[in-house]
Amino acid sequence: MSDEDYMRLALELSLQGRPSPNPYVGAVLVKDGKIISRGYHQKAGMAHAEAEAIGGQDCKGATLYVTLEPCSHWGKTPPCTKAIIEAAVKEVVYGAEDPTEKVRGREELEAAGVTVRGGVLARECELVNEAFFKHARTGKPFVIIKAGMTLDAQLATSTGKSQWITSEESRNLVHELRSRYDAVLVGVNTILADNPHLTARTEGGRDPLRVVLDSRLRTPSDSNVLMGGGAIIATTDRADQSRIQELEGKAKIWVLGREEVDIPRLMAKLGENGVTSVLIEGGGTVNAAAVKAGVVDKYILFIAPKLMLGANIPAFKGAPIRELTEAVELRYASAIRIGGDILVEAYPA
């Protein structure tokens, strides 16, 4: 097997964890041309991938493949560099460099006589941790718009019915996505129309933080999204004070804006509170507002082979444009079949 083969295996392992706000990291330990151990970072506060792979193994002369530069600082767990050096690992091959200033893993390992090579499948390793990288560099969360739509870009019928536009396979993947991202965001109209729980119904998954855009605090106090506490409602100065007092016991109320919620301020505040990623599952108005605010980093679009025709509820509902130069340009990253649908991933151009 080549360096790239071992690193791809480490990448696959990394995705088994739910480590946010820490990065996804996988590790493969190789000795005499054979894999002797594997590991991945399961959850924040638990052992890192390197320690998982090294634990209990005879590592003298071995090569450790890891998707991210090993950490050299104390946090909730000891430095990975310490474990690598003490285990007498001969060589470390990593994918992406850690973007945080506190990590100097390569320097520490080389100073101890460990051979270090970086940059193997670096782009792929960065993409796995695109949310971690953005938050580490900017303090703001990585923002994704997820939408399930018809081929003519409709989210629902004119009466608001959307169950079910996309396939069961697509819907199952949505729950997987919710478990991977820190927060899920919707508009109050989604709450009023569907009364969703916004939970991740996947085995071993975790429920995201739930965020509602509600400029006038119309969210009913018995909404499913408020069950269990921990939700955030972003509102404005237009909200009635009595409604704020009524809802404060069931959710955090953030007043961010005068007429409409200031979406960039909301994202900045979420980032300050440790949220590294936000999955927007809003209606057309919320989606368009997020795009216009310039906060969207990625689009995940499930496109069903259906046509609604006519004036229904579009995936992006904004003011009409007059010139094509005003259109938002995207760059396709991938397009695959899932069930009967097409899943398109794209980034701002």
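Which strand does Ile-338 lie in? Ile-338 belongs to strand E15, residues 330-338. Strands (E, at least two residues) and helices (H or I, at least four) are DSSP runs, numbered from the N terminus.

A word on the ground rules. This is a predicted model, so keep in mind that local features need pLDDT of at least 70, that side-chain atom pairs count only at pLDDT 80 or more, and that totals for chains, interfaces and linings use all residues. Residues are numbered from 1 along each chain as its sequence is written, and side-chain values use heavy atoms, with hydrogens and water left out.

**The whole chain**

The chain comes to 11 helices and 16 strands. Its radius of gyration is 23 Å, close to the 20 Å that the globule rule gives for 349 residues, so the chain is as compact as a globular protein of that length. (That radius is taken over C-alpha atoms, and the rule is 2.2 Å times the number of residues to the power 0.38.) Along the principal axes, the C-alpha trace spans about 65 × 45 × 40 Å.

Of the 349 residues, 49% are buried; buried means under 20% relative accessible area, exposed means over 50%, and partly exposed is in between (1.4 Å probe, protein chains only). Take the contacts with a separation of 6 or more: 67% of them are between residues 24 or more positions apart. Contact here means heavy atoms within 4.5 Å.

In soluble globular proteins, nonpolar side chains tend to be buried together. A nonpolar core here is a set of buried Ala, Val, Leu, Ile, Met, Phe, Trp, Tyr and Cys residues joined through side-chain atoms within 4.5 Å. The largest one has 35 residues, and those with the most contacts inside it are Met-7, Val-28, Leu-64, Tyr-65, Ile-84, Val-89 and Val-92. At least two residues of this core come from each of helix H1 (3-14), strand E1 (26-31), helix H2 (49-54), strand E3 (63-68), strand E4 (91-96) and helix H6 (130-138). H1 gives the most, with six residues. A second, separate core has 32 residues, including Leu-155, Ala-234, Leu-256 and Met-267.

Zoom in on Tyr-65: leaving out residues up to four places away in sequence, Tyr-65 touches Asp-3, Tyr-6, Met-7, Ala-10, Gly-26, Ala-27, Val-28, Val-30 and Val-93. In H6, the buried residues include Glu-130, Phe-132, Lys-134 and His-135. Gly-139, with a positive phi near 80°, follows that helix.

Most residues other than glycine have a negative phi, and most peptide bonds are trans. Here are some spots to look at:

| Site | Backbone value | Location |
|---|---|---|
| Ser-20 and Pro-21 | cis peptide bond, omega about 10° | Pro-21: loop between H1 and E1 |
| Leu-198 | positive phi, about 60° | loop between H8 (188-194) and E9 (209-213) |
| Leu-217 | positive phi, about 55° | loop between E9 and E10 (231-235) |

Leu-198 is buried, with a relative accessible area of 3%, and Leu-217 is buried too, at 2%.

Neighbours within four places aside, Ile-338 contacts Ser-167, Glu-169, Ser-170, Leu-173, Phe-302 and Leu-343.

Val-120 sits in the loop between strand E5 (115-117) and helix H5 (122-128) and counts as buried at 11% relative accessibility. Beyond four places in sequence, the contacts of Val-120 are Asp-3, Glu-4, Met-7, Val-93, Tyr-94, Gly-95 and Cys-125.

Finally, Ser-72 is in the loop between E3 and helix H3 (80-86) and counts as buried at 15% relative accessibility. Ser-72 and Gly-105 are 33 residues apart in sequence, but 4.9 Å apart in space, C-alpha to C-alpha.
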